[in-house]
Amino acid sequence: MNSTKTAKPFEIPKRQVWKAYLQVKRNSGSAGIDGISLEDFELKIGKNLYKLWNRMSSGSYHPQAVKLVEIPKAGQKGETRPLGIPTVLDRIAQMLAVNYLEPILEPIFHEDSYGYRPGKSAHDAVERARRRCWRRDWVLDMDIRRFFDTIDHELLLKALKRHTQERWVLLYIERWLKVPYQRSNGKSQARDQGIPQGSVIGPILANLFMHYTFDEWMKRNYPDIQFERYADDSICHCRSKQEAAQLQEAISERLSQCGLSLNERKTKLVYCRDDDRRGHHENEQFDFLGFTFRARRSKNRWGKHFINFSPAISNKAKVRIGREIRSWNLQNRSDKSIEDLARMFNAKLQGYINYYGRFYKSALYPLFQSLNRRLSHWASRKFKKLRRHKRRSEHWLGKVCYQNPNLFAHWRLGVRPPNPENLGVAGIRRAV
């Protein structure tokens, strides 16, 4: 696509539309309400991208309704989180706006804002929180009630206009904010506040809103209190319980001024207890980005054990992963070879290890030991000679691991079935 000047009211280079398309393609995603997938869109790629460029350049682009999908909340029975899925065409249009805004907004965002930002990650936020919990005794663990659903459009657009006057960006963002949801039954739901979770433009707009609502306010009013924020998930480090309680009250008032509110049931003051901190409190742990921070037994470089306040995979994450592993129904896959199973599930397993194994990885071991038992059960279903002999199927799996210790991602982590080497030569033969 060539970049040429036009007489249209908005100058949008065609090469930027192409770049946005490539980014959306890399992120994949499902079809919106029009039912057109990325694969369908690519069948007429030139025509579709030209149509988008032409409409956006002329001001005649109007987004379609956002497909609403209700996602169950982890660990919260009966509660759901609304996920909005724009069409492929609308995702590309939003990516075009993100690429325009990112170089403008990134330099002004707070260093302790980590969500959806280039060069920053959830691991960065968890690591920073871990170190700060060692230095300060108390944490204010904040939860904002229905954050993405209650963002004030007027305040958001006001913040946006402080950083750009580009007409096409302002015009289309306002249209994206107002576009209705469409439910699975076909009914339309009007929107006058909030940003759809799942939209391409949502993360940068949410960060901009929280930048002025929280980050800059904290920097101005509480410069000595450190915090980490990942989208609407935030924790603040305080010197005392009294300081944390006063901060909670002030933040609650500030959020109210901006149309938001704290979830009082989930917001709490946490005592970061370890070997050097005496006494107890009703809350001595908190969850942040899939990790539970609490007192844990650790070993220093000289081999001495001590108790420190540190993160490991949360119980909610364990339950979710365990449920997903059970959904693989390994016991019913006797038509597959052990190598087939490794190819099918290694990407998932490695993803769990890469994320949750970053801190206190031994907390993952029970999950993967359970998976080994499932693989052993799979073997007993597949091979007649292993049926009704639990130990024999375990030994068979151990022999496979002995011969190919890198077959499964969790074996590479060190969570392996019993080593047939310990059985002696006769034991190995029996396991074959």
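## Lys348 and its partner

Lys348 counts as partly exposed, with 41% relative accessibility (buried is under 20% relative accessible area, exposed is over 50%, and partly exposed sits in between, using a 1.4 Å probe and protein chains only). Its side chain meets that of Glu324 in a salt bridge at 2.9 Å, N to O (that is, a side-chain nitrogen of Lys or Arg within 4 Å of a carboxyl oxygen of Asp or Glu). Glu324, at 21% relative accessibility, is partly exposed too.

The pair links distant parts of the chain: Lys348 is in helix α12 (residues 338-356) and Glu324 is in helix α11 (residues 315-327), 24 residues apart. Helices (H or I, at least four residues) and strands (E, at least two) are DSSP runs, numbered from the N terminus.

## What the model is

This is a predicted model, where local features need pLDDT of at least 70 and side-chain atom pairs count only at pLDDT 80 or more, while totals for chains, interfaces and linings use all residues. Residues are numbered from 1 along each chain as its sequence is written, and side-chain values use heavy atoms, with hydrogens and water left out.

Searching the whole structure turns up 18 salt bridges. One of them joins the side chains of Asp137 and Arg277 at 2.7 Å, N to O. Asp137 lies in the loop between α5 and β3 (138-143), and Arg277 in the loop between β8 (268-271) and β9 (286-288), so this pair ties together parts that are 140 residues apart in sequence. Asp137 is partly exposed, at 27% relative accessible area, whereas Arg277 counts as buried at 8%.

Then there's Arg128 with Asp112, at 3.3 Å, N to O. Here Arg128 belongs to helix α5 (residues 122-135), and Asp112 to the loop between α4 (88-105) and α5, 16 residues apart. Asp112 is buried at 3% relative accessibility, while Arg128 is partly exposed at 34%. Through shared partners, salt bridges join Asp112, Arg128, Arg132 and Glu228 into one network.

## The nonpolar cores

Now for the greasy part. The largest nonpolar core has 69 residues, and Ile173, Cys236 and Ile251 touch the most other members. Such a core is a set of buried Ala, Val, Leu, Ile, Met, Phe, Trp, Tyr and Cys residues joined through side-chain atoms within 4.5 Å.

Which residues does Ile173 touch, leaving out those up to four places away in sequence? They are Leu101, Leu157, Leu160, Ile201 and Leu205, with contact meaning heavy atoms within 4.5 Å. Apart from this core lies another, of 52 residues, including Leu289, Phe291, Ile321 and Leu341.
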